[in-house]
Amino acid sequence: MSKIAAAYVRVSTERQDEYSPDSQIKLVRDYAEKNGYEVPDEYIFFDDGISAKSSKKRTAFNNMIALAKEKHPPFCAILVWKFSRFARNQEESIVYKNILRKKGIPVISISEPIIDSPFGDLIERIIEWMDEYYLINLSTEVKRGMAEKLTRGEALVPPAFGYNIVDGKYIPNESEAAVVQSIFNKYLSNVPTRKIALELASQGVVNHRGNPIDYRGVQYILENPLYIGKIRWSTEGKASKNRYRDDNPNVVIADGIHQPIISQKVWEATQEKLANTRKMYGKHQRTEQPVEWMLKGLLRCDCGATLVMQSKGVSAQCHNYATAKGKCVVSHYISIPKANKLITEQLEQIVADRSFTFVASRETVETVNYEELIHRERIKLNRAKDAYLNGIDTVEEYKANKQRITKAIEMLEKQRDSERTEDKDLDEFSEKVRKVLAIVKDPNASELAKSQALRTIIEKIIYHKPDNELQIFFHW
């Protein structure tokens, strides 16, 4: 009778000499048939275009390991084309193979046979070390290749808005290029970047990822030398904090072989205007501490976004509108003194009328069987402990599971203990609101103290701009 085995198949994006997924599966099944294994379709785990440097993003890999950790694993071996498919990080490879070994599940490379002896283990470690070395060396090779492309003025990265890539060369996209030219012209005509972004959003213009171009996207376009026929590359890659700044010594700019869509004259005028703006409003000029605001994080727009402070504590505006993300096209401007006054007045009226609006209805909360839910979580906690004691989970895994489950139990106990009879509960809550009001109205209390007090009773506050009203949602 054949033994059930799992197959793990992975293809990456950095190599061209790998077998395709179908080819790897065929080779694995050929090996299985010759060696007394059966590989059912449901136990073929496949990760596409994902590096083996870490297991965090390998969903199929993690699902396979989870099944292997079960009390009665559904398979007795894991077959791979090469050990590099399983992992290229030797430390992770050792950890996972030890976990599998405790369950009696070997990882078998069908193309790298290992003799069953102490020398076999040594050979396997050498293969894993070579795989990890390849991954480390890959970064150097990629940088060398990109540096060579830079000297030739060829495309290094996916095209910015306004261009496509054809045969390794940036080619202007006519419709997008017209938008880029419009952005430069409007900016030089003193149209703010936020307003430009709002206009683009209203026209349905999106970037290559399908997202609206917010004001940061407009800023990036205005600072990108690609549009005047240059290629810009940071030798630090994404690790560089200022990889788009020309004054970064690790940023290299070279002549490209692509057609510019912005003239040198327009580019220079734009950079001069940007430089002047940075001098007047740049972050490096901000020396004062952030202004505290008692409604920070509580006051929200109809669209769901938070209202953020503007003008040094004078006013607040919807974040989606202020950043021109296209998700909110209606201004929700409100002065902060006015918002504070409205909140104070409404809290006083709500306490007088006992007209509280809660995030969850009391009827819904009262139907929850907290004791049963807490009991289930305690069972999970005992299972996690057993898994650790039996060597299935590592101490790190047990600590993470214990912390997560314990937190869930504490939250359930807190919700259970908060249940009260309606009359008693409303009386207690009204008294709590009165105490918060006293802090809010205290001229000597700081904005931070007021904010912390409000958060003990309020979940969120929705600002309805047309009616000039604030709707307060409380939590028990």
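Asp-30 and Lys-26 lie 4 residues apart in helix α1 (residues 21-34), so about one helical turn separates them. In this predicted model, their side chains meet in a salt bridge, with 3.3 Å from N to O. Asp-30 is partly exposed at 30% relative accessibility, whereas Lys-26 is exposed at 55%.

Helix α1 also contributes Arg-29, whose partner Asp-41 sits in the loop between β3 (37-38) and β4 (44-48), 12 residues apart from Arg-29. Arg-29 counts as partly exposed at 32% relative accessibility, and Asp-41 is exposed at 56%. Another pair joins Glu-199 in helix α7 (residues 193-202) to Lys-186 in helix α6 (residues 174-188). Glu-199 is partly exposed, with a relative accessible area of 23%; Lys-186 is likewise partly exposed, at 25%.

| Salt bridge | N to O distance |
|---|---|
| Asp-30 and Lys-26 | 3.3 Å |
| Arg-29 and Asp-41 | 2.6 Å |
| Glu-199 and Lys-186 | 2.7 Å |

The count of salt bridges comes to 10. Lys-69, Asp-393 and Glu-397 are linked in a network of such bridges.

The chain contains 16 helices and 16 strands. β11 pairs with β15 (residues 458-464) in the parallel sense over 2 bridges, and Leu-299 stands opposite Ile-461 in β15.

Of the 476 residues of the chain, 38% are buried.

Note on methods: Residues numbered from 1 in each chain as written. Predicted model: local features only at pLDDT ≥ 70, side-chain atom pairs only at ≥ 80, totals over all residues. Heavy atoms only, no water. Buried < 20%, exposed > 50% of the residue type's maximum accessible area, 1.4 Å probe, protein only. Pairing = 2+ DSSP bridges. Salt bridge = Lys/Arg side-chain N within 4 Å of Asp/Glu carboxyl O.
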